[in-house]
Amino acid sequence: MPTDPRLAQLQHLRKLSDLWDRSIVIPGIKFRIGLESLVGLIPVGGDAIGILLSIYILFQSLQFHLPRTVLLRMLFNIILDGVVGSIPILGDLFDTTWKANTRNVNLLEAHLRVQEPVNIRQTDKWLFIPIFCLLISVIIVLVSLFILIVWLLMKS
């Protein structure tokens, strides 16, 4: 068990991203998928669960005082995963290869290897609020689209 709490947190995030992105080996080939690929099969709700887990990893990464550029790259990974992942069939295939959580933990690790965390400015801490609002908005749009599609199907 690591004694450094930052190392323990990093290991926790790595285990979580591995579980979600690459915990299941497909027999006969060396390709791995994670629980996100299975949960993502649930229309809209699966994608919302995936985005929520990605938000958790992003918020835990904030404790490492990452620069704004790294946080924005992590945010891009999450939004791309959520938006493209919500497209039926194509999105499920995309989710199996994009692995946004693994990418984000890799970004965190790469930043920590290159340098010690920077002293985060107060304004960077407030970047957290619009990121959270944007990601919640993506979830609301996905759920709203699902409700609209169900309503249209029931109407016809």
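Is Asn77 buried or exposed, and what is its relative accessible area?

## A residue inside helix H4

In this predicted model, Asn77 is buried, and its relative accessible area is 8%. The reasoning rests on a cut-off, because a residue counts as buried when its relative accessible area is under 20%. Asn77 belongs to helix H4, and, once residues up to four places away in sequence are set aside, Asn77 touches Trp98, Ala100, Arg103, Asn104 and Leu107.

## The chain as a whole

The protein chain has eight helices and two strands, and, read from the N terminus on, its elements follow the order α-β-β-α-α-α-α-α-α-α. Of the 156 residues in the protein chain, 42% are buried. The accessible surface of the protein chain comes to about 9200 Å², and carbon and sulfur atoms hold 72% of that surface.

## A network of salt bridges

Side chains of opposite charge can pair when their charged atoms come close. The structure holds three salt bridges, and Arg14 takes part in a salt bridge with Asp18, where the closest N and O atoms are 3.9 Å apart. Both Arg14 and Asp18 lie in helix H1, which covers residues 5–22, and they are four residues apart, or about one turn of the helix. Arg14 counts as buried, with a relative accessibility of 13%, whereas Asp18 is partly exposed, with a relative accessible area of 23%.

Arg14 also forms a salt bridge with Glu109, with a distance of 2.7 Å from N to O. This pair links distant parts of the chain, since Arg14 is in helix H1 while Glu109 is in helix H6 (residues 100–114), and the two are 95 residues apart. A further salt bridge joins the side chains of Arg22 and Asp18, again with 2.7 Å from N to O. Arg22 and Asp18 both lie in helix H1, four residues apart, which is about one turn of the helix, and Arg22 is partly exposed, at a relative accessible area of 31%. Through salt bridges that share partners, Arg14, Asp18, Arg22 and Glu109 are joined into one network.

Asp95 is found in helix H5, which covers residues 90–98. When its neighbours within four places in sequence are left aside, the residues in contact with Asp95 are Glu36, Ser37, Asp47, Asp81 and Gly85.

## An enclosed helix and a loop

Helix H3 covers residues 45–61, and its 17 residues reach 24 Å from the first C-alpha to the last, close to the 24 Å expected at 1.5 Å a residue. Of the 17 residues of H3, 13 are buried, so this helix is largely enclosed by the rest of the structure.

Ile87 lies in the loop between helix H4 (68–85) and H5, and this residue is partly exposed, with a relative accessible area of 38%. Ile87 and Pro43 are 44 residues apart in sequence, while their C-alpha atoms are 9.3 Å apart in space.

Which residues make the nonpolar surface patch of about 690 Å²? The patch is made by Val141, Leu145, Leu148, Ile149, Trp151, Leu152 and Leu153. Among them, Ile149 is found in helix H8, which covers residues 128–155, and Ile149 is partly exposed, with a relative accessible area of 48%.

Definitions and conventions
Residues numbered from 1 in each chain as written. Predicted model: local features only at pLDDT ≥ 70, side-chain atom pairs only at ≥ 80, totals over all residues. Heavy atoms only, no water. Contact = heavy atoms within 4.5 Å. Patch = residues over 30% accessible without salt bridge, like charges linked within 9 Å, V, L, I, M, F, W, Y side chains within 5 Å. Areas by Shrake-Rupley, 256 points an atom, 1.4 Å probe, with all protein chains shown as cover. Salt bridge = Lys/Arg side-chain N within 4 Å of Asp/Glu carboxyl O. Buried < 20%, exposed > 50% of the residue type's maximum accessible area, 1.4 Å probe, protein only. Expected span 1.5 Å × (residues − 1).
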